[in-house]
Amino acid sequence: MSTVNATNIVTDALVGNASANAITVRGEGSATTSLQQGLAKFWSNWDGESTVATRDSFNQSGLTDNGTGDYTTAFTNNMSNNDYAHLCTCDSANGHIMEIEREAYNTTSQCRSYAFDVNPSVTDVDVAVASVLGDLA
Amino acid sequence: MSTIVTDTLQGKTSATSITLPTTTNIGSTPLVSASANSMTIRGEGSAVTNIQQGLCKAWSMYNHSTEATLDSFNQSSATDTSTGVFTWATTNNFASVNWVASSNLHADNANNDVSMVHSGTRSTNGAATDKATTGSSWYAKNSSNSGFDSKLAGYMAFGDLA
């Protein structure tokens, strides 16, 4: 194993050497962790009320309002499978919570989030947030 | 392949500048900073952020109904403990119990599911354990505050590795 000692590395892209898809980073202690696996592959913050609109996002190609409290966010770069960790949340007004829509709706190209209140009844939410960790295609 | 054995390389035109080929192989090189545990990366603007602190240290999508881990990172095992409760263990442990995590379930109308929380916050769940450096237990509950096995129980954890 070679070691590069440097204060600053100036580059636009990082690619693994032994394996293009695996770069190891030493963590806060002595253990190492995977750079690729630790990166969020998608995140989005959107307004889910009457005029549904994305406030900010990463790796999102589209946002679809499927109906009350039901949103689909599409990826620009797809995932390799639909087993990724999709987590979503929303503002807490009226006991709102947001969860993964039924399992069949999450695909390699999109994930679907579903908001409802404490009753529970589906509801539109002002602040909706989703993120994905997993394997890119 | 020839070998140059030297202690110092010096540029000819400029003593402090040497041009390397477009592709220069320097072996299999993990990124290790001078302080080993702290590397920075310039963010989207002018500020810099910490790579180690920003990386997710563990994540998983678990089907509690079939007790199968669909996909995961830094999870050595996920075990059914009781209805609604499963315990996951890390491959590489955390440095302390002060790591943070968020979780999610799939919308299950039949169960009126509400949320998934660290089961260590509840004392009535039998074998469920408090959050530890080696993992934790999660408890999926419905609107009646009863546990149920979710088909999609996901979590992600951030914090300091040991």
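This report describes the predicted model of chains A and B.

## Basis of the model

The model is predicted: local features need pLDDT of at least 70, side-chain atom pairs count only at pLDDT 80 or more, and totals for chains, interfaces and linings use all residues. Residues are numbered from 1 along each chain as its sequence is written, and chains are lettered from A and ligands numbered from 1 in the order in which they are written.

## Chain A

Chain A holds one helix and 10 strands. Helices (H or I, at least four residues) and strands (E, at least two) are DSSP runs, numbered from the N terminus. The order of elements from the N terminus is β-β-α-β-β-β-β-β-β-β-β. The radius of gyration of chain A is 18 Å, well over the 14 Å that the globule rule gives for 137 residues, so chain A is more spread out than a compact globule. This radius is taken over C-alpha atoms, and the globule rule is 2.2 Å times the number of residues to the power 0.38. The C-alpha trace spans about 60 × 30 × 25 Å along its principal axes.

Of the 137 residues, 35% are buried. A residue is buried if 20 or more other C-beta atoms lie within 10 Å of its own, exposed if 12 or fewer, and partly exposed in between, with C-beta atoms placed from the backbone.

## Contact between the chains

In all, 40 residues of chain A are in contact with 42 residues of chain B; contact requires C-beta atoms, placed from the backbone, within 7 Å. On chain B, α1 (51-54), β3, β4, β7, β8 (113-118) and β10 (153-158) each supply at least two residues of the side that touches chain A. That side has 23 nonpolar, 14 polar and five charged residues. Here Ala, Val, Leu, Ile, Met, Phe, Trp, Tyr, Cys and Pro count as nonpolar, Asp, Glu, Lys and Arg as charged, and the others, Gly among them, as polar.

The largest nonpolar core has 48 residues, and A:A85, A:M98, B:W59 and B:M156 have the most contacts inside it. Such a core is a set of buried Ala, Val, Leu, Ile, Met, Phe, Trp, Tyr and Cys residues joined through C-beta atoms within 7 Å. Leaving aside neighbours within four places in sequence, the contacts of A:A85 include A:V132, A:L133, B:W59 and B:M156.

## Strands of chain B

An open sheet of four strands in chain B has the order β4-β3-β10-β7, with antiparallel pairing. Its edge strands, β4 (68-73) and β7 (100-105), each pair on one side only. Two strands pair if DSSP finds at least two bridges between them. β3 (residues 58-63) and β4 of chain B are joined by five bridges, and B:N63 has B:A68 as its bridge partner.

In strand β6 (residues 85-90) of chain B, five of the six residues are buried. The bridge partner of B:S77 is B:A89, and that of B:F86 is B:W138. The hairpin of β5(B) and β6(B) has two residues between the strands, and B:G84 there takes a positive phi near 85 degrees.

## Two asparagines with positive phi

A:N59 has a phi near 60 degrees, a positive value in a residue other than glycine. A:N59 lies in the loop between β4 (53-58) and β5 (60-67) of chain A, and counts as partly exposed because 18 C-beta neighbours are inside 10 Å.

B:N74 is not a glycine either, yet has a positive phi of about 60 degrees. B:N74 is in the loop between β4 and β5 of chain B, and is buried, with 24 other C-beta atoms within 10 Å.

Methods:
Contact = placed C-beta atoms within 7 Å.
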